[in-house]
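Please look at the sequence and the structure first.

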Amino acid sequence: MMVIANTKLFSSQEAFASNDSYKLLPFNFHRLNNSKVFISNIAGENTVISEKDFKNFCDMHLESSSETFKTLKSKHFLYESDSSLPVELLALKFRTKMKPLSEFTGLHIFVNTLRCDYTCSYCQVSRQTEDKDLFDMTEEQALAALKLVFQSPNQNIKIEFQGGEPLLNFDIIKYVVIEGERLNQTHQKNLQFVIATNLSFVDEAIIDFCSSHDIYLSTSIDGPADIHNKNRPRPGKNGHELTKKSIIKIQEQLGNDRVSALLTTTAGALTRVEDIIDEYLDLGFMNIFLRPLSPYGFAIKTKSFSKYKASEWFEFYEKGLDYIIKLNKNGVHIREQYASLIVRKLLSPFPTKYVDLQSPAGAGIGAVVYNYDGKIYASDEARMLKEMGDDSFCLGTVFDDYNDIFTSDNLINALDVSEAHSVPMCRDCGFLEHCGADPVYHVATQKDLVGHKAVSGFCAKNMSIFELIVGKLNEDNEESMILKNWARY
Amino acid sequence: MNIASDTSGDFYLDKSLYSLTSIQSTIYKFAADFFIEINDSDKTYLISFKLKSESKYASDEVSEFKNIFVEKLLDEVLRERIRAETADIRQLIIATTFSSLVDKSNDGHS
């Protein structure tokens, strides 16, 4: 018979007894693909532990001398006595996490015209090309909207002009900026202006105005010229050339940080993520947001939205993120914006201003839209839904009373029923505290404010990205360090 | 487990082991891939399922569906247990979080 000297084949009986010295605090969990478990608590604190430790932890068998025990105790997943300290600390952290709710609406979107020179097949707002009088915001409407803006309790106010193409109604932009600055002499808020524009109509006068009033410009670049011009047709078929020329002009005259770009991913771009990222670098952008199409407007009418599956887009995203990380390893410090948002949510108690990943939803209370026709919508996507014939997120008009608008049944009901802590599947999800509720998306895709999460594209996309980012963050390597650095942004 | 075809079948779950809530939560999570029906049958629940045409599961995985289902179900049972065990302290945390926001200026005026 073989004798194994000094080897313990079995643990002692005590090792199988419950550890009565600790109690559980509330938490959610999500099993990862690598025999590890992601756990998070009400304050969003989180960690990844092995399945074995997770089982021992839940079965009250975790050794109090183990590193996992210390981590779970310090992050408030368990407590050892009847002390009220863990409750007070968790309450403090939860209150910090919820603080943005008390600040209320910070982003105010002015749709100053619905006219546009482009005819993009995926356009989410169903642009119009005719009749200035029907599709432009008036001074009277703009002033009424401005008065509502300054009633927001938020000290940090961003006014963003969107279209159509906002520069086609530049007179209203000038009016809102000048009148806004005048009103702000009384209100003393941190006021910032952004124009979301295709840059077709940028000239010296517009650049001078943006320079004088510290206005930022945000544009669209879908990739190299062949992808961009196919996605974003305009008369002359020179959209890419025009946009690139204007970006360079703005960077030279106002500075690199004054212009940014957004990407929309169409089916034709799915195999070109590296080319797209290289194009952003070529234009001097050190930040790219790898965005899928949204289920609104012409993206639905032209079936652009249904041309690829969430899984195909995720492959594109994963490949793109890997390429960006590889660039970073080689000293090119470009960031992927969605990953940055998620890293920040996972690693810090600080809120992000990204309204799609908030619960209660950011609709109305994070961002609000003053439409060209004087109507007010709970979000940019909500006014897109309106252009598809669904007015369910209309909160009133710019001439209504502030309190009536922001306590309207349309808003309160949407925020209430979609709140993720009480939604099937969300309430149990390990990523609950880092994800969001998006009632507008679910109305657009399932005709329901909550939506069935098992078939939700929003859930599928975010679940995949959370798993990807959590997996990368928890490796002990350079990749993890690169991602952790993005939490600063 | 009975396999009626390549795409459907049924199996029993012991009521003394699994709560209806846990079973229903599990069924919800499989909604993208399976039509699932639950029937009360004395000391057991009868779970009948049919693979959806757009499912990510292959038809040769259907014979394993009970195991796949129970694996997920056990997590639902665990979630239910954690929720029950931590319900009181969760209420206390939420009450403590928002107690400082309650307007106390009306105290004594009711």
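**Second largest pocket**

Helix 2 of chain B gives the largest share of the lining of the second largest pocket, six residues. The model is predicted: local features need pLDDT of at least 70 and side-chain atom pairs pLDDT 80 or more, while totals for chains, interfaces and linings use all residues; side-chain values use heavy atoms, without hydrogens and water. Residues are numbered from 1 along each chain as its sequence is written, and chains are lettered from A and ligands numbered from 1 in the order in which they are written.

- The second largest pocket holds about 330 Å³ of space. (A pocket is an open set of points on a 1 Å grid over the protein atoms alone, with protein on both sides within 12 Å along at least five of seven lines; a cavity is a set where a 1.4 Å probe fits but cannot get out; lining residues have an atom within 4 Å of a point.)
- Its lining has 19 residues, and A:Phe27, A:Asn28, A:Arg427, B:Arg83 and B:Arg90 are the closest to the centre.
- Strand 2 (28-31) of chain A and helix 2 (65-99) of chain B are the elements that give two or more residues to this lining. (Helices are DSSP runs of H or I with at least four residues, strands runs of E with at least two, numbered from the N terminus.)

**Cavities**

- The whole structure has four cavities of 30 Å³ or more. (A volume is the space filled by probe spheres set on the points, which are joined across faces, edges and corners.)
- The largest cavity has a volume of about 160 Å³.
- Of the 14 residues that line the largest cavity, A:Cys426, A:Cys429, A:Cys435, A:Gly436 and A:Cys459 lie nearest its centre.
- The second largest cavity contains about 80 Å³ of space, and its lining includes A:Val355, A:Asp356, A:Ser379 and A:Glu381.

**Nonpolar cores**

- The largest nonpolar core has 127 residues, and A:Phe110, A:Tyr317, A:Tyr370 and A:Ile469 have the most contacts inside it. (Such a core is a set of buried Ala, Val, Leu, Ile, Met, Phe, Trp, Tyr and Cys residues joined through side-chain atoms within 4.5 Å; buried means under 20% relative accessible area with a 1.4 Å probe, protein chains only.)

**Chain A overall**

- Chain A has 19 helices and 15 strands.
- Buried residues make up 56% of its 489 residues.
- The C-alpha trace of chain A spans about 95 × 50 × 40 Å along its principal axes.

Definitions and conventions
Buried means under 20% relative accessible area, exposed over 50%, partly exposed in between (1.4 Å probe, protein chains only).
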